[in-house]
Amino acid sequence: MTAETLAELDIGDKAKIIQITGVSARAEDGYIGQAELEHRLLEAGFMEGEIIEVIHHGPVSHDPMAVQIDDMIVALRRNEAKSIHIEKIS
Amino acid sequence: MTKDAALRIALVGNPNCGKTALFNALTGSRQKVANYAGVTVERRTGVHITDTGKIFKVIDLPGSYSLRGRSPDEEITRDVVLGRYEGETPPDVVLCVLDATNLRAHLRLALELKRTGVPMLVVLNMMDLAAYRDIEIDVDKLSKHLGVPVVTSVAVRKAGMAGLLKHLDENIVSLVPPSANHVQDWTAPTPEDFRQIQKEAKTIAADVFIREGTIHRITRHIDNVVLNPFIGPIILLGILFLIFQAVFSWAETPMDMIDGSIVALQDLAINVLPDSWIRSLVVDGILAGVGSVVIFLPQIMILFTFILLLEASGYMARAAFLMDKLMGKVGLNGRAFIPLLSSFACAIPGIMAARSIDNERDRLTTILIAPLMTCSARLPVYTLIIAAFIPNDPVYGVGQQGLVMFGLYVAGIVSALIIAAVLKLTITKGMAQPLILELPTYKVPIVRDLIMGVWERAAIFLRRAGGIILASMIVLWVLALWPTAPEGATQADIYYSLVGLIGRGLSYVFAPIGFDWEISIALVPGMAAREVAVAALGTVYALSGNEDIVAERLVDVLRNAWTLPTALSFLAWYVFAPQCISTLAATKRETNSWRWTGFMVVYLFGLAYLASFITYRVALSFAG
């Protein structure tokens, strides 16, 4: 079972990051490449093995979402969250 | 290096690490803001004098998450640190500022910096907030891990700076290596390198934390309300309403006072000076020019007080979070809404505020639509035409004049959204960018930083708008007087001047939208700033006296001279037309491109002509 990504989680869900691929749903012209997205997510504090918790989401179709990583809160869209593979803890 | 040559210190750190507060604490009022050549990144420098009189040059580099340089700001930081930036002497020492309450994340930048080999001092900032959250860090251990000295600080309190100041005074010189070129071959870290750095940061953090403390509970509590899907947007709307209210009603008194003083000065000049070209230059050129710039200062200062408050407190990132989905629909970024909001006061601070949008394309779109927001310079024009042509009979209990004014605001907003959407489908096509945004912990804004920030914005506005408006007012004043009217002239003097000549030429172009030569002439000086059109109309209709008297008499004159379709067409023109040289100058500066500035001019004048044409023709068919 590998399919679960951060994009499918809801407020209150906790998860462990398994892999950051940088492959998002959107791959149109001009959108940043896979390596760039991977890099930006790493810079924001996402990393394999980290425990994260979804704590808020946006008013329209639950997008974007805010995630607690360590001491930081990072907001991202569900589109980019698709490239973060996780294992749900609770 | 000799003892008294000024040492160059560069401040580097993540956004939200308290770097600006530290910079202000170090340099006080001895600072200067300029731009790096060719880009719109601000270059902040200052001078720090130690207790024993050593003089340091301090440079505050833009906040960066890494040295990878993924935005123009981050590129500057990287290049200056590595000594690669042309025209900037490499710093002798880098002060790496870390937020003690977010050590694990901020350590990554310190580790990256360490790998470059630049001489470095680490400043562990926000120690007060760390203590409050029960975080305790072994500073000596951290220093051993990093292999560089570590000093703690509380930049927002004088006492909290003592340790750092002492260190700068006594030890910093010893950090500077004898030869300047200390940076070895540096290559950007790959994702794998970055994972390695991340791991190292975690290991160090695990070792240096004596107590890890707790998460910032207040932030969580506030966010539970402020980011609530139902209450959050309502709070945001409330804040926007408050800002609007403040910009327009609180600014009224100081604006009236400024207006009053300008009018008084004009009266004084009229009484004291003999009727000559000198008097005209003073009254219509210089005083009117200065007045038209200074009058916006209260609004701009109030606006920036709010913007800086929202930024310093941490709310701004939340606003972007809440707005992201909606703004995304028309191809904009959540961060675009503050620049657009600012543009209701004046497009210039709005265009300047677009710097906070890190994506180049989103920033461009925001700048291009900013002039469509109804700025306060349009109000004198709207007020004049509405007072002359729209009866104030209530329709369903609402005054018609108010309705028309409201309609003009809505017309601007709606067309801005449409334009943004069209740009998204055409010029900025497929440029969707991810939003990855840190939501910083809430902080109480520091009054000193707030005052310095507002003052800095006001000064930038005066410098940028002031020079251009004043200069163009004087040039236009000359063009409006020269050549002088022939003997036995039947028209106002301006008719025979260069401005009159241009205006009369333009009147052929403007005839289809209902503008006669009087209006066409008034639009020429009206290029300096929108509200100048009122005074220009006064000149065309040969009214004299100070601004207030001219505006009052104009209502009657226009009522007789213009038809209703012409008046409505004129209003439509002012919704779109970029009748403001300083906006165009700001656009040129911020986009660094004549092409985009030209595009803005063409599309806005095009829209203005189209809108006026439709308005005029429709109104004519109803009136006819």
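In chain B of this predicted model, strands S3 and S4 run antiparallel and are joined by six bridges. S4(B) spans residues 55–60. Within this pairing, B:Thr45 lies opposite B:Ile59 of S4(B). The two strands form a hairpin with five residues between them. There, B:Gly53 adopts a positive phi near 90°.

S3(B), residues 42–49, also pairs with S2(B), residues 31–35. This second pairing is antiparallel too and comprises five bridges. B:Val33 faces B:Arg44 of S3(B).

Chains A and B meet in an interface. On one side, 34 residues of chain A take part; they are in contact with 32 residues of chain B. Four elements of chain A each supply two or more residues to the side that touches chain B: helix H1 (34–43) and strands S2 (51–60), S3 (63–69) and S4 (72–76). H1(A) provides the largest share, eight residues. By class, the side of chain A that touches chain B consists of 17 nonpolar, 11 charged and six polar residues.

Strand pairing also crosses between the chains. S4(A) pairs with S12(B), residues 436–438, in the antiparallel sense. Three bridges link these strands. Among the residues involved, A:Val74 has B:Glu438 of S12(B) as its bridge partner.

Definitions and conventions:
Residues are numbered from 1 along each chain as its sequence is written. Chains are lettered from A and ligands numbered from 1 in the order in which they are written. This is a predicted model: local features need pLDDT of at least 70, side-chain atom pairs count only at pLDDT 80 or more; totals for chains, interfaces and linings use all residues. Two strands pair if DSSP finds at least two bridges between them. Two residues are in contact if their C-beta atoms, placed from the backbone, lie within 7 Å. Ala, Val, Leu, Ile, Met, Phe, Trp, Tyr, Cys and Pro count as nonpolar, Asp, Glu, Lys and Arg as charged, and the others, Gly among them, as polar.
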